[in-house]
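Here is a note for a colleague who is meeting this structure for the first time. Please keep the model open beside the text and follow the points in order.

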Amino acid sequence: MEYGVTAGLDIGTTKVCVVISQKDVYGDILVLGVGVAPSYGLRKGVIVNIDSTTESIAKAVEAAEIMAGVDVDELYTGITGGHIKGQNSRGVIAVSSRNREVTYREVDRVIEAAQAINYPTDKEIIHVIPWEFIVDEQDGVKDPVGMSGVRLEVDAHIVTGGATALQNITKSVNRAGFNVEDFVLSSLASAEAVLSEDEKEVGVILIDIGGGTTDTILFVNGSIQYSSVFPVGGKYVTKDISVGLKIPDNIAEKVKLEHGFCSKEYMKSEDDIEIPGVGGRGSKVVPQMTLCNIIEPRVEEILDLVYRDLVRKNALELASGGIVLTGGTASLLGIEEIAERIFNLPVRMALPDNVIGLRDKIASPIYSTALGLSIYGLREDSTGVFESQQNKRGIFRRMKSSLSEFAKEFFA
Ligand SMILES: Nc1ncnc2c1ncn2[C@@H]1O[C@H](COP(=O)(O)OP(=O)(O)OP(=O)(O)O)[C@@H](O)[C@H]1O
Ligand SMILES: [Mg+2]
């Protein structure tokens, strides 16, 4: 693969998407190629059919490669699903180096200590992201290397995921003819695409509402202090339209995309909505408010789920910068108003636009994750921003080696 070019693979519940990008000499993100294929092999963000997912991945990568004119072999791959768990953990060690000076070795050790959390054996660690170090009594330290002290502590956000879900991603990617360069939490990737550095400092919650999952992440002081995946999304809204209006799912989806809105301020006129008939039956007419009355409570439920979890984990109070919505379901007219009401914070809808190149090809909130994965890759290729270079290598090396064990088991 060409130097300085990365590819992000977002295996979503409704579509598989690949974005190939590069950093230009001015530091701007240049989008070179985008490939999308419908996804049929997932349920709520988790692969349930490997063959069909493999096929979608192959199609999406090929389309992106043709557009970009580059060949891809390594993919920064997103991970989501109800099996994902984000939790905070503290690690503590004694500084044992000569002069009592903190070196990379101590940083590695303390991060290792933070990983000593209790998690079931069928789970794997995906990220260990330190948010602050404490040297003796001094807290709020971003980079402790070179400081003197006797005791080093770290507060880190740890993300774990189901081992079999990870294996199935690796398997699908490998069968399509590619390798997983790294697994990246989908919400972390979306954040790369749509959040500003200022927002991440002040405190912001990103909510990516897709088809089958709602991925949430909180940044404060530039790092992650909360993440969560809720296994519900736009498909749930569609299902309810289908039940409520007694129409098939595919028609319900069309009606939602064409006419859907979830706050009555968005009622276009008094016009009724005409719903095409199926199986020789005539079309029927439904008042716009009926549709809104189905969609609004479902969207409220999804956002309320997120709200309650944030409150329970004392995370909401850290988000003075407000809420950012992305993902396909964030396109619903009126969703910002609902979110403002629930969170009592400023809300904005975001799509990837801070890029150059094939900018118009990804100007939709459904592309946040794929673009973000590719940007994450560009960052990781240069310097580690989430973990100091040394630790990151250590952690990822460990993670990758355990994954290749799975690969061996499967492909033996
Ligand atoms: N304009 C729109 N109005 C309402 N809903 C929309 C609109 N555009 C897309 N959606 C909904 O967004 C969802 C797809 O979003 P997205 O592409 O972000 O999901 P995904 O990444 O495939 O799934 P997930 O992230 O949940 O695994 C679908 O449920 C679709 O109905
Ligand atoms: Mg998604």
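**Notes on the sheets, helices and spaces**

1. Strand 7 and strand 10 (residues 151–162) run antiparallel and are joined by ten bridges; in this note two strands pair if DSSP finds at least two bridges between them. Helices (H or I, at least four residues) and strands (E, at least two) are DSSP runs, numbered from the N terminus. Within this pairing, Ala94 stands opposite Arg151 in strand 10.

2. Before going further, please note that this is a predicted model, in which local features need pLDDT of at least 70 and side-chain atom pairs count only at pLDDT 80 or more, while totals for chains, interfaces and linings use all residues. Residues are numbered from 1 along each chain as its sequence is written, chains are lettered from A and ligands numbered from 1 in the order in which they are written, and side-chain values use heavy atoms, with hydrogens and water left out.

3. The pair described in point 1 belongs to an open sheet of four strands in the order 7-10-8-9, with antiparallel pairing. Strand 7 (85–94) and strand 9 (138–141) are at the edges with a single partner strand each, so one side of each is left without a neighbour in the sheet. From one strand to the next the twist averages 35°, where axes are lines fitted to C-alpha atoms, for helices over the stretch in contact, and angles run from 0 to 180 degrees between N-to-C directions. Helix 3 packs on this sheet, touching strand 8 (123–135) and strand 10, and its direction makes about 65° with that of strand 10; contact here means heavy atoms within 4.5 Å.

4. At the other end of the strand order, strand 8 and strand 9 pair in the antiparallel sense over two bridges, and Phe133 stands opposite Val141 in strand 9. The hairpin that these strands make has two residues between them, and there Asp136 takes a positive phi near 50°.

5. Another open sheet has five strands in the order 14-13-12-17-18, and its pairing is mixed. Strand 14 (223–230) and strand 18 (347–349) are its edges, each with a single partner strand, so one side of each is left without a neighbour in the sheet. Neighbouring strands of this sheet are turned by 15° against each other on average, direction ignored.

6. How do helix 6 (residues 234–245) and helix 7 (residues 249–259) cross? Their axes come within 8 Å and cross at roughly 110°, which makes helix 6 roughly perpendicular to helix 7, a term used for angles of 65 to 115 degrees. Among the residues in contact are Val237 and Ile241 of helix 6, and Ala252 and Lys256 of helix 7. By class, the contact has three nonpolar, three polar and four charged residues; Ala, Val, Leu, Ile, Met, Phe, Trp, Tyr, Cys and Pro count as nonpolar, Asp, Glu, Lys and Arg as charged, and the others, Gly among them, as polar.

7. The largest pocket holds about 810 Å³ of space, and of the 40 residues that line it, the closest to its centre are Thr14, Gly210, Gly211, Gly328 and Thr329. On a 1 Å grid over the protein atoms alone, a pocket is an open set of points with protein on both sides within 12 Å along at least five of seven lines, a cavity is a set of points where a 1.4 Å probe fits but cannot get out, and lining residues have an atom within 4 Å of a point. Helix 7 gives the most to the pocket lining, with seven residues, and by class that lining has six nonpolar, 23 polar and eleven charged residues.

8. The largest cavity has a volume of about 80 Å³, a volume being the space filled by probe spheres set on grid points that are joined across faces, edges and corners. Helix 3 (163–175) supplies at least two residues of its lining, and the lining divides into seven nonpolar, five polar and no charged residues.

How values were computed:
Parallel < 35°, antiparallel > 145°, perpendicular 65-115°, else oblique.
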